[in-house]
Amino acid sequence: NRTLLTEFVLSGLPSHPELQHLLFFTICLVYSMTLIGNLLICMVTVHPTLHMPMYFFLRVLSLLDISTASVVVPKMLINLVSEDRSISYLGCVTQLYCVVFLAATEWYLLAAMAYDRFVAVCSPLRYAAIMNTRACLSLVLLCCCSGQVVSLVQTAWVFTLPLCGPRSINYFFCDIPPLLVLSCRDTWRYERQLMAATVLVILTPFCLILLSYACILSSILKMSSAEGRHKTFSTCSSHLTVVTLYCASGTLIYLQPKSRNSQEAKKILALIYTAVIPTLNPLIYSLRNKEVKEVLIRVM
């Protein structure tokens, strides 16, 4: 007795009714900080003194953070103050596609940023020749194309599954794990495929990033100047902090077995992944980077 689902209902975040408005204003504040912080990074990194590949990648990262938060947070804010929490079938497909595309692209971009730092530290004399404008644009384009392929495959696979209902999604946006619960068919094969995709999209870039930073650490320890070691380590540690936050939240959502990971805990992790981390990126990169702070002060 299958029924065709034309819309879904998002249950939203776990909260007592009396805390709904407080949660609304808190998330609204976080979203505003995300927009302002990342837009400032985009403005600052076009300054002539910051015309380097690292800041070009940082600008792209800020645009991805703005897009990720904007795909999820506005709808979540509306659902917090509205009784109608429905989302159309096409809207759910579009949201899932955008979330997966942006997340996968950002992971590949973080790996490209680690490679950029590896070349800058380990091959400083050849850095300008290796990381030229064409190479940087090619890396960003490759990240976007790879993210699009991952998103198309995952979205198409999820929505070719027969979804029988109920139409209520126990989540605050359309994501793969809560949609699998609505399937009429046994999804164990898709769950295996999802774990393989998670390894491909998250853990493989993470291992490449760790390898890059192992080489960077080795080069840092060989530096004779203590000031040079401190500056290089400070710049690279900012990137590694972002990567660790992303990897921890992403793997806990998609790799941890269902029996050990409650849906409510996944909601909190997803909120960190989509709303909190995009807010932290500008703070991490600006507060720990002397050049960015100097240009930001001049711009302000």
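This is a predicted model: local features need pLDDT of at least 70, side-chain atom pairs count only at pLDDT 80 or more; totals for chains, interfaces and linings use all residues.
Which residues of strand 1 (residues 7-10) lie on the covered face, and which on the uncovered one? Phe8 and Leu10 make up the covered face, while Glu7 and Val9 make up the uncovered one. Helices (H or I, at least four residues) and strands (E, at least two) are taken here as DSSP runs, numbered from the N terminus.

Residues are numbered from 1 along each chain as its sequence is written, and side-chain values use heavy atoms, with hydrogens and water left out.

Strand 1 has two partners, and two strands are said to pair if DSSP finds at least two bridges between them. With strand 2 (residues 86-88), strand 1 runs antiparallel, joined by three bridges, and in this pairing Val9 stands opposite Ser86. With strand 3 (residues 168-169), strand 1 pairs in the parallel sense over two bridges, and here Val9 stands opposite Ser168.

Phe8, from the covered face of strand 1, also belongs to an aromatic cluster with Tyr89 and Phe159. Rings of Phe, Tyr and Trp (its six-membered ring) pair if their centres lie within 6.5 Å, and planes under 30 degrees apart count as stacked, over 60 as edge-to-face and the rest as tilted. The structure holds 12 aromatic pairs. One of them joins Tyr115 and Phe118, a tilted pair with 6.4 Å from centre to centre and 35 degrees between the planes. These two residues are three apart in helix 3 (residues 89-122), so about one helical turn separates them.

To say how far a residue is covered, buried means under 20% relative accessible area, exposed over 50%, and partly exposed in between (1.4 Å probe, protein chains only). Tyr115 is partly exposed at 36%, and Phe118 also counts as partly exposed, at 26%. Another pair, Tyr246 and Tyr273, is edge-to-face because the ring centres are 5.3 Å apart and the planes stand at 85 degrees. Since Tyr246 lies in helix 8 (residues 226-254) and Tyr273 in helix 9 (residues 263-287), this pair ties together parts that are 27 residues apart in sequence. Both Tyr246 and Tyr273 are buried.

A disulfide, meaning a pair of cysteine sulfur atoms within 2.5 Å, occurs once by this rule. It joins Cys92 to Cys174, with the sulfur atoms 2.0 Å apart, and the disulfide is left-handed because the torsion about its S-S bond is about -125 degrees. Cys92 sits in helix 3 and Cys174 in the loop between strand 3 and helix 6 (176-180), so that distant parts of the chain, 82 residues apart, are linked. Cys92 and Cys174 are both buried. Cys207 counts as partly exposed, at 48% relative accessibility.

Finally, an unreviewed UniProt entry lists several spans as "transmembrane region", including residues 136-159 and 195-221; UniProt positions are given in the numbering used here, feature names are shortened, and annotations may be inferred rather than shown by experiment. Residues 136-159 are 100% helix and 0% strand, with their end C-alpha atoms 35 Å apart. Residues 195-221 are likewise 100% helix and 0% strand, and their end C-alpha atoms lie 37 Å apart.
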